[in-house]
Amino acid sequence: MRKAILERVSTRTFGKEVLSKKQIDEIKAVIDKYKGIKGPFGNSFEFTFNLNSNNEGKKQKIGFYGMIKNVPAYIGGVSLDTRNSIIDFGYLFEKVILELTTLGYDTCWLGGSFRRSTYRKKLAPNEVIPAICPVGHRADQRSFLDKRIRSAAQSHKRLPFGTLFQYFDEEKELEETTDSRFIDIMHLIQRGPSASNKQPWRFFVAEKHDVIYAYLERTEGYGIALGYDIQALDAGIALAHLEIGLENYDFKFDREEETKGVFFDGLEYIMTYKRAITE
Ligand SMILES: Cc1cc2nc3c(=O)[nH]c(=O)nc-3n(C[C@H](O)[C@H](O)[C@H](O)COP(=O)(O)O)c2cc1C
């Protein structure tokens with residue numbers, strides 16, 4: 001999935017073609033594959049596939065406030081309204097999106113630009129719809145609004161490498177000259193999508209690169225109007241990219257939720273990855 005991480009880009013302007021039966025089955029098969037699979041905090045989800053049409057039985061066209069054009073279909077899901085469940089949603093939904101990217105589909109994470117009630121009317125009090133994602137094939141040209149959203153979010157840019165990745169024990173940015181495989185993994189995290197391109201993930205690495213600590217540096221006040229923890233999705237996406245990178249280079253790391261020595265002001269601890277001890 002490394003290639004998919006490098007190729008994925010948010011698409012808000014889709015072509016007018018409808019999906020064929022074969023394509024629909026292909027997308028549904030990816031979703032089915034993720035049924036019952038757990039995220040880093042042990043939550044799993046029943047992602048759904050919906051055609052975006054008024055003619056499909058009772059299915060309703062979803063409202064995108066005019067921001068996303070010609071959506072042929074979309075995937076989505078419901079999560080418990082807790083930080084860790086939303087992190088798991090981000091982690092697993094990103095893997096689905098990357099698999100769809102590998103199959104040649106274009107996508108766009110949507111945490112805000114859709115009418116939630118047209119996706120699911122009845123939710124339990126402790127549930128949220130963290131995001132949905134249109135799936136289809138991009139049009140030849142981006143719409144004016146698509147271009148404007150990309151430019152406002154500076155979607156083609158990422159924060160400097162040294163801001164996102166630092167050493168744990170000393171105040172030093174991770175040097176781009178260390179083991180190139182390790183640096184490539186960090187670049188895969190850096191390429192990740194995030195809500196409004198805020199890139200709230202921060203990673204700290206032990207001197208020997210055998211321990212990696214994942215944190216969130218939250219954007220103050222961001223997402224309050226949405227009423228759920230949207231930046232937890234970003235955290236889950238970053239963990240997915242980290243693990244895809246580690247797997248790509250056959251680096252064996254185990255996850256560990258630590259309870260001591262990892263808490264700092266201004267940073268929210270998420271998860272530690274420790275190099276597995278092999279005989
Ligand atoms: C959790 C999450 C929520 C997002 N919500 C929206 C949204 O509501 N509307 C939108 O147009 N883009 C949304 N995006 C897309 C981001 O703006 C986009 O990922 C970012 O600008 C980087 O651009 P890229 O995906 O092309 O690399 C969201 C992305 C993420 C990860």
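Visitor: How far does a polar side-chain atom of R12 lie from an oxygen atom of the ligand?
Guide: In R12, that atom lies 2.6 Å from the ligand oxygen, and a polar contact is a pair of N or O atoms within 3.5 Å. This is a predicted model, in which local features need pLDDT of at least 70 and side-chain atom pairs pLDDT 80 or more, while totals for chains, interfaces and linings use all residues. Residues are numbered from 1 along each chain as its sequence is written, and side-chain values use heavy atoms, without hydrogens and water.

Visitor: What about R8 and W109?
Guide: An N or O atom in the R8 side chain is 2.8 Å from a ligand oxygen. W109 places a backbone N or O atom 3.0 Å from a ligand nitrogen.

Visitor: And how much of the ligand does the protein bury?
Guide: The protein buries 94% of the 610 Å² that the ligand exposes when taken alone (Shrake-Rupley method, 1.4 Å probe).

Visitor: Which helices supply at least two shell residues each?
Guide: Those are α5 (144–153) and α8 (230–248), helices being DSSP runs (H or I) of at least four residues.

How values were computed:
Polar contact = N/O pair within 3.5 Å; in protein donor to acceptor, adjacent residues only side chain to side chain.
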